[in-house]
Amino acid sequence: VAKGKLVDKVRNLLRLNRQINANSSKTLETTTALKLDESLRKVKIWLQTRKEPWDEVVTNWKSTMELRRQSTSKTASEFFKDWPILQDSRSTQLIDIDFDVMFPTKGVNIHIRWFPFMEKLILLRGSSMKERSGLQYLEILNLEENCNEDTKVALHLHMLPNLIPPKGRTKLPNKKDWKFSAAEVLESLIQHVKGPGDIEDHIQSYQDRMYNLKQTIQPYILVVGPSLKNVTATYVIVDKIRYK
């Protein structure tokens with residue numbers, strides 16, 4: 001190995017050069033990231049203040065996916081304040097876009113596999129249902145062969161807590177254990193009102209009741225129709241927002 005002051009000086013210069021290059025690379029990466037963050041921040045502000053043109057909304061929504069992944073919102077209300085475009089009636093398209101990015105092909109799979117899944121579940125567990133209501137839903141499903149798809153799904157979901165009885169527990173504010181009943185699980189999944197005029201009062205009443213119990217409300221399905229034999233509209237309720 002070569003030695004001497006000149007050799008040492010060359011080595012030191014080479015080492016210094018490598019450090020400078022490494023630092024320059026890191027600085028460039030940081031600068032690029034900051035520029036990207038600033039660019040996305042501007043797009044997010046655009047989405048917070050604009051709803052038209054819709055094509056541009058969709059484009060900007062796609063480009064800000066990573067910001068939503070990194071969201072620190074703790075509640076649906078906080079998230080909606082951050083992304084108010086989600087309160088637009090057309091925003092189901094935006095939700096689908098994010099879902100397809102996070103879970104490729106899963107949306108299609110749910111639609112295709114739901115009915116075969118429920119047929120198998122009813123075959124395996126139908127005879128073990130004890131709740132009268134669950135048996136009534138099964139009877140309706142068997143008798144109403146020509147009912148629409150929304151009606152079938154509503155009946156399936158009403159049967160689900162009876163087919164797979166709940167075992168979960170939670171602590172109430174008074175520190176007592178609360179074991180979920182099939183009816184409570186059902187209510188957290190799907191609810192029913194007879195007419196469009198009942199929707200707002202029903203949503204508010206449910207929110208008030210859960211607030212008094214100090215329980216959070218997860219997104220749930222609300223079906224509208226004179227009975228479960230004839231569902232005329234289906235909504236997903238998130239906070240106070242209705243998605244049809």
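**Figure 1. Arg 68 and the two tryptophan rings.** In this predicted model, the side chain of Arg 68 lies over the face of Trp 61, at 3.5 Å from the ring centre. Arg 68 also lies over the face of Trp 83, in this case at 4.9 Å from the ring centre. A charge is taken to sit over a ring when, for an arginine, CZ is within 6 Å of the ring centre and within 35 degrees of the ring normal, and Arg 68 is placed over the faces of both Trp 61 and Trp 83.

**Figure 2. The tilted pair formed by Phe 99 and Phe 103.** Counted by ring centres that lie within 6.5 Å, the aromatic pairs come to four. In one of them, the ring centres of Phe 99 and Phe 103 are 5.1 Å apart and the ring planes stand at 45°, so the pair is classed as tilted. Phe 99 is partly exposed, its relative accessible area being 30%, and Phe 103 is likewise partly exposed, with a relative accessible area of 39%.

**Figure 3. The edge-to-face pair formed by Tyr 206 and Tyr 220.** The ring centres of Tyr 206 and Tyr 220 are 5.2 Å apart, and their planes meet at 75°, so this pair is edge-to-face. Tyr 206 belongs to helix α10 (residues 199–212), whereas Tyr 220 belongs to strand β4 (residues 220–224), so the pair ties together parts that are 14 residues apart in sequence. Both tyrosines, Tyr 206 and Tyr 220, are buried.

Figure 4. When residues up to four places away in sequence are not counted, Gln 207 touches Ile 217, Asp 239 and Lys 240.

**Figure 5. The second largest pocket and its lining.** About 310 Å³ of space lies in the second largest pocket. Its lining is made up of 15 residues, and those nearest the pocket centre are Phe 180, Glu 184, Ser 188, Tyr 206 and Met 210. Tyr 206, which is one of these residues, is also a member of the edge-to-face pair with Tyr 220. Helices α9 (182–189) and α10 each supply at least two residues of the lining, and the largest share, four residues, comes from α9. Sorted by class, the lining of this pocket holds eight nonpolar, four polar and three charged residues.

Figure 6. Glu 52 and Pro 53 are joined by a cis peptide bond, for which omega is about -5°. Lys 51 is partly exposed, with a relative accessible area of 43%. Leaving aside residues up to four places away in sequence, Lys 51 touches Val 57, Ile 85, Asp 88 and Arg 90. Of these contacts, the one with Ile 85 involves residues that are 34 apart in sequence, while their C-alpha atoms are 6.8 Å apart in space.

Figure 7. Although Thr 105 is not a glycine, its phi is positive, at about 70°. Thr 105 is found in the loop between α5 (92–102) and α6 (106–125), and at 53% relative accessibility it counts as exposed. Lys 214, also a residue other than glycine, has a positive phi near 60°. At 62% relative accessibility, Lys 214 counts as exposed.

**Figure 8. The whole chain as the setting for the close-up views.** The predicted protein has 10 helices and six strands. Buried residues account for 29% of its 244 residues. Among the contacts between residues at least 6 apart in sequence, 55% join residues that are at least 24 apart.

Methods
Residues are numbered from 1 along each chain as its sequence is written. This is a predicted model: local features need pLDDT of at least 70, side-chain atom pairs count only at pLDDT 80 or more; totals for chains, interfaces and linings use all residues. Side-chain values use heavy atoms; hydrogens and water are left out. Rings of Phe, Tyr and Trp (its six-membered ring) pair if their centres lie within 6.5 Å; planes under 30 degrees apart count as stacked, over 60 as edge-to-face and the rest as tilted. Buried means under 20% relative accessible area, exposed over 50%, partly exposed in between (1.4 Å probe, protein chains only). On a 1 Å grid over the protein atoms alone, a cavity is a set of points where a 1.4 Å probe fits but cannot get out, and a pocket is an open set with protein on both sides within 12 Å along at least five of seven lines; lining residues have an atom within 4 Å of a point. Grid points are joined across faces, edges and corners, and a volume is the space filled by probe spheres set on the points. Ala, Val, Leu, Ile, Met, Phe, Trp, Tyr, Cys and Pro count as nonpolar, Asp, Glu, Lys and Arg as charged, and the others, Gly among them, as polar. Contact means heavy atoms within 4.5 Å.
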